[in-house]
2 protein chains.
Amino acid sequence: MLKNEITKLLGLDYPIIQAPMAGGITTSKFVAIVSNNGALGMIGAGYLSAHELRQQIREVKQLTANNFGVNLFVPNDFQIKEDEVEMMNKLLNHYHGELNIPVEKVILPIVENVFHSYMEQIQVVIEENVPICSFTFGIPTVEVMGKLKHYNVITIGTATTVTEAVAIEKIEMDAVVVQGSEAGGHRSNFLSDHEESLIGLMTLIPQVVDNVSIPVIAAGGIMDGRGLMAALCLGSKAVQMGTAFLTCEESGAHQVHKESILHSKQDDTKLTRAFSGRWARGMKNKFIEEMQNHEASIPGFPVQNVLTQSIRKASANQNNKQYMSLWSGQNSTLARIETVERLIQRVIEQANRIYQNV
Amino acid sequence: MLKNEITKLLGLDYPIIQAPMAGGITTSKFVAIVSNNGALGMIGAGYLSAHELRQQIREVKQLTANNFGVNLFVPNDFQIKEDEVEMMNKLLNHYHGELNIPVEKVILPIVENVFHSYMEQIQVVIEENVPICSFTFGIPTVEVMGKLKHYNVITIGTATTVTEAVAIEKIEMDAVVVQGSEAGGHRSNFLSDHEESLIGLMTLIPQVVDNVSIPVIAAGGIMDGRGLMAALCLGSKAVQMGTAFLTCEESGAHQVHKESILHSKQDDTKLTRAFSGRWARGMKNKFIEEMQNHEASIPGFPVQNVLTQSIRKASANQNNKQYMSLWSGQNSTLARIETVERLIQRVIEQANRIYQNV
């Protein structure tokens, strides 16, 4: 029942993919442990330089002989509006004060460099023979796709709507992750606007399944065997789980991040652009609540991400959850602290139990 | 597999409830046909007077010997701000012009009357021995609950969050409908605010199931056997389907309403307060789009509902979909025109097929 075309394509024991959470969560050890336990470990490489990525790929290869993957952010054009940045910096200075850190001159991102860095990442994926590469925030160009296919890299896109899933199939990717409105972290919408991309998995999965022929992987709030079985019933062939893996003992997530999820009493997440300029779902804190009043003046991604970097970093160093991006899906109350092995076994055992009893 | 405590409690062949869509959709014939086919027919009585409700209950009883239910809106206190109403009327006059209808003096609702009318509805439910009564927009008082229990009326609440579901269990209702963010029509949140009540079923069902012991009924975007099976896997015991029943041949929905759903190419719904003052999900049209710019100045429910009544009515009479409330869930592309009997059989057959093949 849990073996299908996607487990075959990706070489997995179980139809479970660990979501490629960027920003230090997916350490080499963590990714390898996931792969060693029959699921797919993924390096969240969005913020890594080509050099760092190559390093990490080599580490993962040392730790597992199984398949693993890399996730890249597809860059989008952006503009820097100086007055917008100046206004935001003034606003953020207040938080530098709260955290007792100096206000330093921030080096703003440059469009050409971002695109260049992405092309270098693609090159590393090819040179290091990474078996699987997934993408968020957009789709690669026909040229990049041609290159990846030439080197037999299995490609996976990320869609939030039927329109985006169809675009991913059209460019001949091998599978599509559908990200429901329940998902934690960054929204991956790239053709649909934010509001229209907020579709629950209960309706997103069947609509996408009916409109594409490539296998569909469900992402968003899936935490246990109930979610896995539901996703399979709706027509997807596998699930991608983020929050559930994030709180695992081996994950590289900050302890404060893990605890804020583990101690949540009910869905306490909120969609915000405050941290990066792109909509993302995370646990409510002071920064999200206060920045809500300035939503219209938040610069886009990746500008805002660079502007808030020192605040997020200092907040983490000080174990202060109020200014950290505590990404989480809407199912935070179901999170547990346990080993990766236990999580995967628990999900599979529960799925089998449901199958026999539903 | 499809028989459980909820089918037993409600006396059903199948774990399917027809959502109580108010405003003329749930005609007596339609409700009776649903009940005669093994699911639960529900009268959407929110806008009915006690007299109209009694009439309809008696009609339904003539047409079916099976169980059926009534859904009531729990009234909430509201205020009428004269300047707000005046401003809105000015704005709405424009639409009277577009539709060539006279601007008439609107009789505004009075809080006491709304509460009185609700108590009369409760009395009718009791006097007519209605077997099942469900509630949206809130929970009945302890007094009302005591009365309903005394007369053995089975009660069902509607929750959008864990907090609301727990409150429904605490007041000793027999079951709880959980309304996911995917759902069409009015949001039923009453303790949680609009934004925090937008939780996808994939995460809402398991979290509620883990926090209450009464049976959970899933509502929101469920259109076929895939949705039914997914909802059962997540731990709910039945589903409540609105949009799927709305487009059935026998439903009393306006033809223009049915067609706007049947011809949708992908999720084309939007959350709006424009029609009634309460957030609700419906197919995008001119009225929703244009009123979006005036969101902050829309009076609350039921004031706005009264103010827009003549516009909605004229738009429907003129077969003009631009000013009608075309409520729909996020799964509109899966809607079909078919008989109620065929819909129910199709859902059950598909659920059984999935169970054997997943």
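Q: How many residues of chain A are in contact with chain B, and what makes two residues a contact?
A: In this predicted model, 35 residues of chain A are in contact with 35 residues of chain B. A pair is counted because the C-beta atoms of its two residues lie within 7 Å.

Q: Which helices of chain A supply at least two residues each to the side that touches chain B?
A: They are helix H7 (162-170), helix H8 (201-209), helix H9 (225-233) and helix H15 (340-357) of chain A. H9(A) gives the most, with six residues.

Q: What is the make-up, by class, of the side of chain A that touches chain B?
A: That side has 16 nonpolar, 16 polar and three charged residues.

Q: Why are the two copies described as related by a two-fold rotation axis?
A: Chain A can be laid on chain B with an RMSD of 0.0 Å by a turn of 180° and a shift of 0.0 Å along the axis. The two copies are therefore related as by a two-fold rotation axis. In chain A, the C-alpha nearest the axis belongs to Ala230(A), at 2.0 Å from it.

Q: How do you know that the same surface serves both copies?
A: Of the contact residues of chain A, 100% recur in chain B, and the same surface thus serves both copies.

Q: What makes chain A as compact as a globular protein of its length?
A: Chain A has 15 helices and eleven strands. Its radius of gyration is 19 Å, close to the 21 Å that the globule rule gives for 358 residues, so chain A is as compact as a globular protein of that length. Along its principal axes, the C-alpha trace of chain A spans about 55 × 45 × 40 Å.

Q: What percentage of chain A is buried, and what makes a residue count as buried?
A: Buried residues make up 53% of the 358 residues in chain A. A residue is placed in this class because 20 or more other C-beta atoms lie within 10 Å of its own.

Q: Why are the buried residues of helix H11 of chain B said to lie on the same side?
A: The buried residues of H11(B), which covers residues 255-262, are His257(B), Ser260(B) and Ile261(B). They cover an arc of only 95° around the axis, and therefore lie on the same side of H11(B). These buried residues pack against helix H10 (243-246) and strand S11 (280-283) of chain B.

Q: Why does Asn152(A) count as exposed?
A: The cut-off for exposed is 12 or fewer C-beta neighbours. Asn152(A) has 9 inside 10 Å, so it counts as exposed. Asn152(A) is in the loop between helix H6 (142-150) and strand S5 (154-159) of chain A, and has a positive phi of about 60° although it is not a glycine.

Q: Is Glu172(B) buried or exposed, and how do you know?
A: Glu172(B) has 12 C-beta neighbours inside 10 Å and therefore counts as exposed. The cut-off includes this value, because exposed means 12 or fewer. Glu172(B) is found in the loop between helix H7 (162-170) and strand S6 (175-179) of chain B, with a positive phi of about 70° although it is not a glycine.

Q: What makes the peptide bond from Phe301(A) to Pro302(A) cis?
A: Its omega is near 0°. Pro302(A) lies in the loop between helix H12 (286-291) and helix H13 (303-307) of chain A. In chain B, a cis peptide bond joins Phe301(B) and Pro302(B), with omega about 0°.

Methods
Residues numbered from 1 in each chain as written. Chains lettered and ligands numbered in written order. Predicted model: local features only at pLDDT ≥ 70, side-chain atom pairs only at ≥ 80, totals over all residues. Helix = DSSP H or I, 4+ residues; strand = E, 2+ residues; numbered from the N terminus. Arc of directions from axis to C-beta. Least-squares fit on C-alpha atoms with pLDDT ≥ 70 in both. Nonpolar A, V, L, I, M, F, W, Y, C, P; charged D, E, K, R; others polar. Rg over C-alpha atoms; globule rule 2.2 N^0.38 Å.
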